Amino acid sequence: MIILKFAADVISQLKKVRLTKFSIGFVPTMGALHKGHISLLEKSKQVCEITICSIFINPTQFNNADDFKKYPVTLEHDIYTLEKNGCDILFLPDITEIYPDGIISKKHFDLGYLETILEGKYRPGHFQGVCQVVNRLLEIVDPTHLFMGQKDHQQCMVIKRLLELENLNIEPIICPTLREENGLAISSRNLRLNEQQREEAAEIYKTLLSIKQKIKPGSLHHLKKEAEEYLIKRNFKPDYIEIAEANNLKPVNEWDGIADLIAVVAVFINDVRLIDNILIKD
Ligand code: AMP
């Protein structure tokens, strides 16, 4: 695995690669790598001839300074894990490579209502920061394929919108959410939970599963309320628990039994915020 710290080196390295290879897969991450990240790398290796991963904890997407400060860093382990799992290139930039003109963006990405609902509502500025960093990374890497996790469903939608807005001919590939044995969606932030909290956090996925099992056409009000109360009773502080159309995330209160749905949730356990979702086909 080649490790590169400078954008210019990534650009020139990939220029050489492009002479003989047609597909370049890109897996952007914030590090503290886990099996979920590795599943994206594996998918990229199946689909593409070369895979590049990046690790960069992007300050502009944190709406909460404390969350940024406490974001886990496990760099040595990450490098070892990527190497072991066959990553070809690791891009490990520092902040000046990503934001040579400073972190205040002059560009606004028109994300429409995606920016004002759910994650957008509870994390103001978050998706502008995500677009800022992903746009810059894509400018440097210029991949053919971009690998992302279903766990961050709304983020996947935002990045698809970014690809349209910037006219980028890159194929987004969404990979399934990897879970712990107890159902908890694997997340870097899980490192901030103790063992007991990790067990308790399994209730988040249980709640989503229960929505999927119980859902019927008609009013969804009762189901949403019941799920919220269940979580509150177990000491989670929900930002939201919502059932929405899977392809546009518009909240659904009356289900026709036909539209593809997704149940999405964001909760706090103490000061750790976790998100998850489940697709509901029928
Ligand atoms: P992050 O490092 O949290 O920014 O995540 C980097 C990428 O890994 C994003 O596309 C995430 O959606 C994806 N990802 C994070 N957790 C999981 C998981 N449990 N399963 C699959 N993909 C994941």
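1. Start with the helix pair. Helix H1 (residues 7–18) packs against helix H7 (residues 126–141) at an angle of about 45°. Their axes are 8 Å apart. Angles of 65 to 115 degrees would count as roughly perpendicular, and those under 35 as roughly parallel. H1 and H7 are therefore oblique to each other. Note that this is a predicted model.

2. Which residues make the contact of H1 with H7? H1 supplies Ala-7, Val-10, Ile-11, Leu-14 and Arg-18. From H7 come Arg-136, Ile-140 and Val-141. By class, six of the residues in this contact are nonpolar and two are charged. No polar residue takes part.

3. Next, the domains. The chain is divided into domain 1, covering 2–175, and domain 2, covering 188–277. Their C-alpha centres lie 26 Å apart. Domain 1 gives 24 residues to the contact, and domain 2 gives 19 residues.

4. How much area do domain 1 and domain 2 bury between them? The figure is about 1,800 Å². Carbon and sulfur atoms account for 55% of that area. Four salt bridges are counted between domain 1 and domain 2.

5. The whole structure holds 16 salt bridges. One of them pairs Asp-276 with Arg-179, with the closest N and O atoms 2.8 Å apart. Asp-276 sits in strand E11 (residues 272–280). Arg-179 sits in the loop between strand E6 (171–175) and helix H9 (195–200). The pair therefore ties together parts that are 97 residues apart in sequence.

6. A further salt bridge joins the side chains of Lys-70 and Asp-271. Here the N to O distance is 3.1 Å.

How values were computed: Residues numbered from 1 in each chain as written. Predicted model: local features only at pLDDT ≥ 70, side-chain atom pairs only at ≥ 80, totals over all residues. Heavy atoms only, no water. Axes fitted to C-alpha atoms, helices over the stretch in contact; angles between N-to-C directions. Helix = DSSP H or I, 4+ residues; strand = E, 2+ residues; numbered from the N terminus. Parallel < 35°, antiparallel > 145°, perpendicular 65-115°, else oblique. Contact = heavy atoms within 4.5 Å. Nonpolar A, V, L, I, M, F, W, Y, C, P; charged D, E, K, R; others polar. Domains from an automatic or database assignment. Buried area = accessible area lost by both parts, 1.4 Å probe.
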